[in-house]
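Student: I would like to learn how to read a model of this kind. Please go through it with me feature by feature.

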Amino acid sequence: MAETVIFYLLAGLAVVASALVIGQRNPMYSVLLLIASFGALAGLYIQLDAPFVAVAQIIIYAGAIMVLFLFVVMLLNAPKEDGAEWDQAHPLRRPGVARFGALLAGLLVIQLAWALMRIAELEAPVGSQPDGAAVSSVRELGKVLFQRHAFAFEATSILILVAMVGAVVLARKEGTDL
Amino acid sequence: MDLRFAVQLGVIGFIFFMLINMSALLVLAERKIMGFMQQRYGPYLVGPHGMLQPFADILKLLFKEELRPKGADKWLFTLAPILSVTAAFAAFATVPVGGETTFFGLLDDPIKLGVADLNVGVLVVFAITSMGVYGIVLAGWSSNSKYSLMGGLRASAQMISYELSYATSIAAVIMLAGSLSIREIVDSQAGYWWSFIPRWYLFLQPVGFIIYAIAGVAETNRAPFDFPEAEQELVAGYNTEYSSVRFAMFPQAEYINMVTMAGVATTLYLGGWHGPFPLPAGFDWLWFVAKAGFILFVYIWMRWTVPRYRYDQLMAFGWKWLFPASVINLIVTAALLLYLNG
């Protein structure tokens with residue numbers, strides 16, 4: 001019973017905070033609400049018996065990445081957005097673009113509905129073992145990550161490395177050494 | 001409510017109470033040691049040898065008027081110090097202060113001295129300390145003052161830079177112990193080599209310990225890395241516009257973060273409550289207190305002997321020296337572990 005109540009509290013917090021991220025005029029509040037949303041997600045991971053994923057979520061997303069976001073918002077000192085001054089001639093306001101966006105949103109709703117219909121077909125929650133013990137230990141996680149999914153893991157690392165090198169190359173001014 | 005639960009609550013309450021006291025004690029220690037190093041007495045008027053000076057400080061701050069600049073962001077200005085102090089207290093939760101004890105036969109089964117024992121304890125400390133930076137950054141931004149903003153910006157840049165070396169040096173210890181639970185890491189350091197050298201990770205990871213110590217000083221914004229509040233350049237940095245109790249929360253968070261840093265260093269590198277010689281049962285936490293106290297003394301010692309770096313030197317040092325050194329330390333540790341155990 002208590003678990004269900006906590007689940008709905010955390011889920012509600014995550015949804016409301018995420019919705020408010022888009023609704024805020026002040027980018028600073030948006031960043032903070034996104035952190036709150038990540039925190040609620042971490043709570044949900046703990047409920048799923050995955051404390052390592054929860055802590056990784058806080059360290060990487062709520063900790064490192066959001067500090068970077070905050071840094072950028074502060075450095076650019078982004079002004080508050082004003083709805084009345086929204087650029088009517090902005091390329092994203094063309095009817096073709098708007099229709100494409102509506103189509104994507106419709107697809108997402110259909111996908112979600114389809115996934116929800118299939119919940120009953122799942123025999124056991126994802127990640128749980130036949131004997132009921134959840135895969136929550138870091139040792140098990142490491143084995144799965146570095147043995148069964150070793151290729152995907154290494155491919156992701158290379159992708160991130162390429163992105164990093166690309167960012168440095170793009171940000172570098174012509175004629176300066178690194 | 002059974003006895004065991006009550007004792008556990010008592011332990012948690014006592015640790016919380018001592019953490020509050022530690023910030024007062026450290027303020028006094030800082031001023032006394034500074035006085036000693038500068039060949040003067042330090043605070044001497046309140047109580048015997050000025051021992052009650054922290055109470056005078058706190059009373060003074062309590063009776064000050066609470067000011068908020070006109071252009072400040074009302075919500076974030078209030079939230080920032082609360083965030084700082086909450087994160088500082090919460091980070092200590094997974095640091096164990098002693099082994100198992102029955103409180104001299106009071107309980108049937110021994111309980112563990114500490115607030116919480118999680119199987120990912122090291123990472124939890126790390127996650128919560130990384131939340132603490134938001135307090136400083138928000139204080140800097142919401143004050144609507146140039147000095148505060150510069151302090152907040154410096155804090156975020158500094159913490160991003162030093163968190164990497166900090167985590168990488170800890171990763172080497174985690175590999176040696178084969179566990180993420182702080183209690184298990186401490187227990188793997190029990191015993192002696194050749195029956196007289198304690199099996200502390202300090203002796204296996206001397207480079208890692210030095211990197212951890214340097215990054216830890218930078219993480220807690222202490223001198224010589226106290227750029228977010230560099231007085232000569234930024235008035236008081238991120239807390240320039242704060243007054244009264246809201247101001248007091250920032251130094252308190254800083255001192256509690258120091259205690260956490262010293263506690264983690266003690267448990268990961270100095271064997272926690274395992275000492276060079278065993279103490280009678282139920283008193284092993286004295287080793288923890290002694291070691292953490294010594295590290296805190298070194299912190300204060302350093303503040304009053306080492307001058308502040310320049311900001312670009314801090315960044316260059318963090319990225320070009322400390323981080324590569326910690327990565328090499330990690331790789332060498334992993335290779336040796338594979339070679340010796342495989």
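**Reading the model**

Tutor: Take one residue to begin with: beyond its neighbours within four places in sequence, A127(B) is in contact with V55(A), I58(A), I59(A) and G63(A). Contact means that the C-beta atoms of two residues, placed from the backbone, lie within 7 Å. The model is predicted, and local features need pLDDT of at least 70, side-chain atom pairs count only at pLDDT 80 or more, and totals for chains, interfaces and linings use all residues. Residues are numbered from 1 along each chain as its sequence is written, while chains are lettered from A and ligands numbered from 1 in the order in which they are written.

Student: How many residues of chain B are in contact with chain A?

Tutor: 20 residues of chain B are in contact with 16 residues of chain A. On the chain B side, α4 and α5 (146-177) are the elements that give two or more residues, and α4(B) has the largest share, 9 residues. Helices are DSSP runs (H or I, at least four residues; strands are E, at least two), numbered from the N terminus.

Student: Which residues touch the most other members of the largest nonpolar core?

Tutor: In general, nonpolar side chains tend to be buried together in soluble globular proteins. A nonpolar core here is a set of buried Ala, Val, Leu, Ile, Met, Phe, Trp, Tyr and Cys residues joined through C-beta atoms within 7 Å. Buried means that 20 or more other C-beta atoms lie within 10 Å of the residue's own (12 or fewer is exposed, in between is partly exposed), with C-beta atoms placed from the backbone. The largest core has 106 residues, and L123(B), A127(B) and L296(B) touch the most other members. Helix α4 (residues 121-142) of chain B gives 15 residues, the most to this core.

Student: At what angle do α8 and α10 of chain B pack?

Tutor: Axes are lines fitted to C-alpha atoms, for helices over the stretch in contact, and angles run from 0 to 180 degrees between N-to-C directions. Helix α8 (residues 206-219) and helix α10 (residues 244-269) of chain B pack at about 165°, their axes 11 Å apart. F209(B), Y212(B), A213(B), G216(B) and E219(B) of α8(B) make the contact with M261(B), A265(B) and Y269(B) of α10(B).

Student: What does chain A contain?

Tutor: Chain A has 6 helices and 0 strands, and 13% of its 178 residues count as buried. Domain bounds come from an automatic or database domain assignment, which divides chain A into domain 1 (1-79) and domain 2 (137-178). The C-alpha centres of these two domains lie 24 Å apart.
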